[in-house]
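Thanks for coming. I have one structure to go through today, and I will keep to what can be read from the coordinates. Please have a look at it first.

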Amino acid sequence: MGRPADPARPGQLLFRQPTCGLGVAMKKLINAPEAVVDEALAGFVAAHSDIVRLGEPNFLVRADAPVKGKVGVLSGGGSGHEPMHGGYVGAGMLDAACPGAIFTSPVPDQVLAATHAIDSGRGVLHIVKNYTGDVMNFELAAELAAAEGITVESVVIADDVAVKDSLYTAGRRGVGGTVLAEKIVGGCAEAGADLTTLAALCRKVQANVRSMGLALTSCTVPMAGRPTFELGEDEMELGIGIHGEPGRSRTKLASADEVAWMLLEPILEDLPFMSGDSVLAFVNGMGGTPLIELYVVYNAVARILAGRGIGVARNLVGSYITSLEMAGCSISLLRLDDEMVRWWDAPVHTAALRWGV
C-alpha cells in the first residue's frame, strides 16, 4: 500500500485506494487500513490538545490527569464507535479511554497503564460494556492494578433488550446506555464523590436504562474491506448490535414512526417503564444517518412517550455511539431520579459533549 511520489509532479503523493476482496475500492478517507486507529488518535489529540493527551500504549487521558483528590473514571472498547469513548474524555466525564483496534477490545496493558495514569490515590472506576473481550481484559487489568495497590471497582453496562446473547456477549450487549452512565458518573466524580458512591450510582444507571437499535445498511471494517453483512434495498435489521451482530429479525423498510414504535415497544416492556415515570430519551445515530432523520425519529418517540404518560425530562439526539458508517439508529430510555438529573446537568467539557462551562 505505497504512496510513491509522482516524478512528473514533485511533492504529489499517489494513493491507491484500498480494495475489498472482490476488487472493488472502499470509499473511505484513509491511508492504509492497518494505520486507521493510530492516525485517528494522532489527529484527535492534535485537534483537542487542550483536553486530552495520548498515553502509552495507545490510550487517551485528560490533559490534567491525574486530578488531585478525584476518583478516576475509565472506559474503553473497540474503535469504530466514535465519539465513544475518546470523545468523552475531559472534565465532568471520563478521565481516560482505551481504544482497541476497530471492533476489537483494548488489551490489558492499555487498561492497566490508563488506570495508573488517572489514579490520584482515591481509586479508579472501570465502566465496561458487556462484550466478552472487554469484560475479560478489564478484569485482568483490575487484578493487576489491585496487586500494585490501586483500588478498582468495575461496573458492566448491559442495556440492549434486543437479544440475550450475541456473537460477542454472554448476556445483553452494552450499547447507548454506556454514554449516559459515563456522563452521570463523570459529573458525580468531578464533584469529589468516593469510589463506592460512584460504583453504586453507575449500577443504578445500569438498572434503569434500556436500549435497542436497527440498521438500514451494514458498515465496512477497513481491514475486512467488505460489508459486514448484506441487506436488501428494501430491508432493515431490527435489534442490530454495534459491531454488526444480527438482531431480532430482518424486516421490510418501515416509516420513522413505525421504526420508533418497533424499538420503543420492547424497551418500554422490559423494565417496565410506567405512566408517571420521568426519563432521559436518547435517539442515537449509528454513523451514517443524517441528523434531520434522527429528529424525525425523536418526534415519534416524544409523541409515543407522551401517549403513555411518560415525561421526557432530558434528551440527547445525535450520533454518540456509532458503528463506522452504518445507517440506522438506536433508542435508549433512562428512568431518572433527582440524583441522576443533577449529575446529567452537571458541567461537562469534552470533545463530544459540552455544557455548563
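**Strands, a cavity and a helix**

Let me start with strand E13, residues 328-335, where seven of the eight residues are buried. Buried here means under 20% relative accessible area, with exposed over 50% and partly exposed in between, using a 1.4 Å probe and protein chains only. Strands (E, at least two residues) and helices (H or I, at least four) are DSSP runs, numbered from the N terminus.

Before I go further, this is a predicted model: local features need pLDDT of at least 70, side-chain atom pairs count only at pLDDT 80 or more, and totals for chains, interfaces and linings use all residues. Residues are numbered from 1 along each chain as its sequence is written, and side-chain values use heavy atoms, with hydrogens and water left out.

Back to E13. Two strands pair if DSSP finds at least two bridges between them. E8 and E13 run antiparallel and are joined by seven bridges, with arginine 210 opposite leucine 333 in E13. Strand E11, residues 278-285, is also antiparallel to E13, again with seven bridges. There, valine 283 has isoleucine 331 of E13 as its bridge partner.

Next, the cavity. What does a search of the whole structure find at 30 Å³ or more? One cavity. On a 1 Å grid over the protein atoms alone, a cavity is a set of points where a 1.4 Å probe fits but cannot get out, and lining residues have an atom within 4 Å of a point. Points are joined across faces, edges and corners, and the volume is the space filled by probe spheres set on them. The largest cavity holds about 80 Å³. It is lined by 13 residues, and the closest to its centre are Val175, Gly213, Ile240, Ile242 and Ser330. Strand E8, residues 209-215, gives the largest share of that lining, three residues.

There is also an open sheet of three strands, in the order E4-E14-E15, with antiparallel pairing. Its edge strands are E4 (90-91) and E15 (354-355), each pairing on one side only. Two bridges join E4 to E14, residues 348-350, and glycine 90 is partnered with threonine 350 in E14.

Last, helix H4, residues 177-190. Its 14 residues should span 20 Å at 1.5 Å a residue, and the end C-alpha atoms are 20 Å apart, so the two agree. The expected span is 1.5 Å times one less than the number of residues. Of the 14 residues in H4, 13 are buried. After H4 comes glycine 192, with a positive phi near 105 degrees.

Terms used. 1 Å grid on protein atoms, 1.4 Å probe; cavity = no way out; pocket = protein on both sides within 12 Å on 5 of 7 lines; lining within 4 Å.
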